[in-house]
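Here is a short briefing to read next to the model. Keep the 3D view open and find each residue as it comes up.

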Amino acid sequence: MIQTAILAFVPLCLAAAAISDVMTMTIPNRVSLLLAVAFLAAAPLSGMPLADMGMSLAAGAAVFGVCFGLFAANVMGGGDAKLLTATTLWFGWSESLVVYLLYVGFLGGTITLLILFIRAHADHVLALGIRLPASLSTARKIPYGLAIGLAGFLMWPKSPLFALLLAAG
């Protein structure tokens, strides 16, 4: 029962973050905090070895370091950095983390191009009577939480912790 709740928890947090980012250009801190705290609770429950937990924390620290640099350079938003760091914990230092980060980059680029196209043709979209959130039509930044959430959805079933939770259940 607990394993099932944890398995559903991560995608729900990712969905909340993505929707919030698209609608308001913010990712609530509590979503990233919940993901990080839930990892610390779920890892021992799943039977994850202590060394693997340490490697997950190291992966999170590495991603946070890169994201902090991107944030300091005004290339990445703070909410995106925190969400990416928190989700990294769930993937650990593994091949699935590499694929997850590649998906984030690919989806982020694709979404960015799509949003730029929408912004360039916003008058046509509005003429059709379609109301868009400001993040898609007029904001200067890109809601990258959407890419992080979509990549997380795609890779969550392939994460090491997902497999451990299924085996523990």
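Met 25 counts as partly exposed, because its relative accessibility is 27% (buried is under 20% relative accessible area, exposed is over 50%, and partly exposed is in between, using a 1.4 Å probe and protein chains only). Keep in mind that this is a predicted model, where local features need pLDDT of at least 70 and side-chain atom pairs count only at pLDDT 80 or more, while totals for chains, interfaces and linings use all residues. Residues are numbered from 1 along each chain as its sequence is written, and side-chain values use heavy atoms, with hydrogens and water left out.

- Met 25 sits in the loop between H1 and helix H2 (29–46) (helices are DSSP runs of H or I with at least four residues, numbered from the N terminus).
- Most residues other than glycine have a negative phi. Met 25 is not a glycine, yet its phi is positive, at about 60°.
- Asn 74 also has a positive phi, near 60°, and is a residue other than glycine. You'll find Asn 74 in the loop between H3 and H4, and it counts as exposed because its relative accessibility is 60%.

- Gly 65 belongs to helix H3 (residues 50–72). With a relative accessible area of 41%, Gly 65 is partly exposed.
- Between Gly 65 and Ala 81 there are 9.3 Å in space, C-alpha to C-alpha, and the two are 16 residues apart in sequence.
- Thr 88 is part of helix H4 (residues 78–91). Is Thr 88 buried or exposed? Its relative accessibility is 0%, so Thr 88 counts as buried.
- Leaving aside residues up to four places away in sequence, Thr 88 touches Ala 59, Gly 60, Val 63 and Leu 97 (contact means heavy atoms within 4.5 Å).

**Empty space**

- Rolling a probe the size of a water molecule over the atoms shows where empty space is left. On a 1 Å grid over the protein atoms alone, a cavity is a set of points where a 1.4 Å probe fits but cannot get out, a pocket is an open set with protein on both sides within 12 Å along at least five of seven lines, and lining residues have an atom within 4 Å of a point.
- The structure has one cavity of 30 Å³ or more, and the largest cavity has a volume of about 40 Å³.
- Around the largest cavity you'll see Val 10, Leu 14, Thr 87, Trp 90, Phe 91, Gly 152 and Trp 156. H4 gives the largest share of this lining, three residues.
- The largest pocket holds about 550 Å³ of space. Its lining has 23 residues, with Val 75, Met 76, Gly 77, Asp 80 and Tyr 144 nearest its centre.

**Aromatic rings**

- How many aromatic pairs does a search of the whole structure find? It finds five (rings of Phe, Tyr and Trp, its six-membered ring, pair if their centres lie within 6.5 Å; planes under 30 degrees apart count as stacked, over 60 as edge-to-face and the rest as tilted).
- Trp 90 and Trp 156 make an edge-to-face pair, because their ring centres are 5.5 Å apart and their planes are at 80°.
- Trp 90 lies in helix H4 and Trp 156 in the loop between helix H8 (145–155) and helix H9 (160–168), so the pair ties together parts that are 66 residues apart in sequence.
- Both Trp 90 and Trp 156 are buried.
- Phe 39, Trp 90, Trp 156 and Phe 162 form one aromatic cluster.

Definitions and conventions
Helix = DSSP H or I, 4+ residues; strand = E, 2+ residues; numbered from the N terminus. Points joined across faces, edges and corners; volume = space filled by probe spheres on them.
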